[in-house]
Structures are given as C-alpha cells and as structure tokens.
Amino acid sequence: MISQTKLGIVFLSSIVMAGACLAQNTGDALKYYHLDFVLKELESGKVINTRSYSTTVSTSESGGFNIRTGNKIPASTGATGSASTYIDVGVNIDCRPGSVKAVQDQLALYITADITSAATDPPSASLPLIRQTKWSSNVIVPLRKPTTIFSSDDPTTKRQTQLELTAIPIK
C-alpha cells in the first residue's frame, strides 16, 4: 500500500514537472520574422550591383520558404545554331521547413541559395557564359543587424558574390 506521504510526494512531483513543461512550451511560442536578403555583386572590392528579396518566416515545424525569381534564356544546341533550348537563370533562396529557431537575440536557420546568371563577357562570345554560385548551410544571425551569410569569389574574374540577411522580429 502507498502511504499518504509517498502519494503526496508523487503528486507534488507531477505538479512541478507539469509546471516545468508548461514553462518550456511558453518559451517556444510561435514567432514570426521578416527576412531581408540583399545579393551583392562586387568587383575589386566595390559593389557593382545589388538585388533585394524579402519574405516572412515562422518558427513552426512547417516554417520555411522558397524564393524564386529569374528568366529563361535561349541557348543553341545544334551545330548550325538552328536548335535551341532554354536555360534557367536567376535567384533561388530556400529555407528548410522546421529549421527556423529563435536563439536569444539571434535567429538560426538552414539556408540554401543558388544564383545563376548569363554573362556577356567576353563581349565577342557567341554564346553566353553561365555563372553559378551555390551555397547551403546552417546560419545564425543577430536580430536587426545586416549580416553576410555567404560570400564567394568568381574563379575567373575579380568579382565576388555576397548574400546578406537581416532578420527582424514581427510583434
């Protein structure tokens, strides 16, 4: 038989555990963030082009996003140039669902970025040069502060591509 003292201890323990679980759940309350991405192209350290992309994301298990913008450009596939196909160029930025986590005054998330462009250099080239940069990583950024999350040099020029992220909490 269980004594009243043991039963009281078990009861108090379950209340304490339930309170701890409740406190933990309120700390994990659903939060929303406005995300501003700035894609920068630099040449010899100077910014020559910027493009901006924005979205909203939540810390829910299904919270993620896909940003797609671009064009299709024709490319010759035949020896005489009579046959052609189309190549996708543009920007794809993705966030894995369930990866968005609030960490004190920071936001952690898993980002994948794919930037593809058609270059006209050298200008005499009959077919465009296709430049492509791909990144994929867990990132953590301070809130309200623009942060470069990806950066890479072009292997054939003095150009560099950077992706900057600013995360702003939505109240």
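**Before starting**

The model is predicted, so local features need pLDDT of at least 70 and side-chain atom pairs count only at pLDDT 80 or more, while totals for chains, interfaces and linings use all residues. Residues are numbered from 1 along each chain as its sequence is written, and side-chain values use heavy atoms, with hydrogens and water left out.

**The whole chain**

Display the protein chain as a cartoon. One helix and nine strands are present, in the sequence pattern α-β-β-β-β-β-β-β-β-β. Helices (H or I, at least four residues) and strands (E, at least two) are DSSP runs numbered from the N terminus.

Next, show the surface. The accessible surface of the protein chain is about 11,100 Å², and 55% of this belongs to carbon and sulfur atoms; such areas come from the Shrake-Rupley method with a 1.4 Å probe, and for residues only the protein chains shown count as cover. Among the 171 residues, 32% count as buried. Buried means under 20% relative accessible area, exposed over 50%, and partly exposed in between (1.4 Å probe, protein chains only). Of the contacts with a separation of 6 or more, 52% are between residues 24 or more positions apart; a contact means heavy atoms within 4.5 Å.

Select S1 (32-43), S2 (46-58), S8 (147-153) and S9 (159-170). These belong to an open sheet of four strands in the order S2-S1-S9-S8, with antiparallel pairing. Strands S2 and S8 stand at the edges with a single partner strand each, so one side of each has no neighbour in the sheet. From one strand to the next, the twist averages 15°, where axes are lines fitted to C-alpha atoms (for helices over the stretch in contact) and angles run from 0 to 180 degrees between N-to-C directions.

Strands of a sheet pair through backbone hydrogen bonds, either parallel or antiparallel. Here, two strands are taken to pair if DSSP finds at least two bridges between them. Zoom in on S8 and S9, which pair in the antiparallel sense over six bridges. A hairpin of five residues joins S8 to S9. Aspartate 153 stands opposite glutamine 160 in S9.

Move to S3 (65-76) and S4 (84-95). S3 and S4 run antiparallel and are joined by 12 bridges; asparagine 66 has aspartate 94 in S4 as its bridge partner. S4 also pairs with S6 in the antiparallel sense, over six bridges, and valine 91 has isoleucine 115 in S6 as its bridge partner.

Then select threonine 77, in the loop between S3 and S4. Threonine 77 has a relative accessible area of 51% and is therefore exposed. Apart from neighbours within four places in sequence, threonine 77 contacts Ala83, Ser84 and Thr85.

Select valine 139 in strand S7. Its relative accessible area is 10%, so valine 139 is buried. Leaving aside neighbours within four places in sequence, valine 139 is in contact with Leu107, Ala108, Leu109, Ile111, Ile149 and Phe150. Leucine 109 is 30 residues from valine 139 in sequence, yet their C-alpha atoms are 5.6 Å apart.

**The largest pocket**

Select Arg131, Gln132, Thr133, Asp154 and Thr161, which lie nearest the centre of the largest pocket among its 21 lining residues. The pocket has a volume of about 350 Å³. Strands S6 (106-119), S7 (129-142), S8 and S9 each supply at least two residues of the lining.

A pocket is an open set of points on a 1 Å grid over the protein atoms alone, with protein on both sides within 12 Å along at least five of seven lines, and lining residues have an atom within 4 Å of a point. The volume is the space filled by probe spheres set on the points, which are joined across faces, edges and corners.

**Two loop residues with positive phi**

Finish with serine 44, in the loop between S1 and S2. Its phi is near 55°, a positive value in a residue other than glycine. Serine 44 counts as exposed at 56% relative accessibility.

Arginine 144 lies in the loop between S7 and S8. Its phi is near 65°, again positive in a residue other than glycine, and at 54% relative accessibility arginine 144 counts as exposed.

Definitions and conventions. On a 1 Å grid over the protein atoms alone, a cavity is a set of points where a 1.4 Å probe fits but cannot get out, and a pocket is an open set with protein on both sides within 12 Å along at least five of seven lines; lining residues have an atom within 4 Å of a point.
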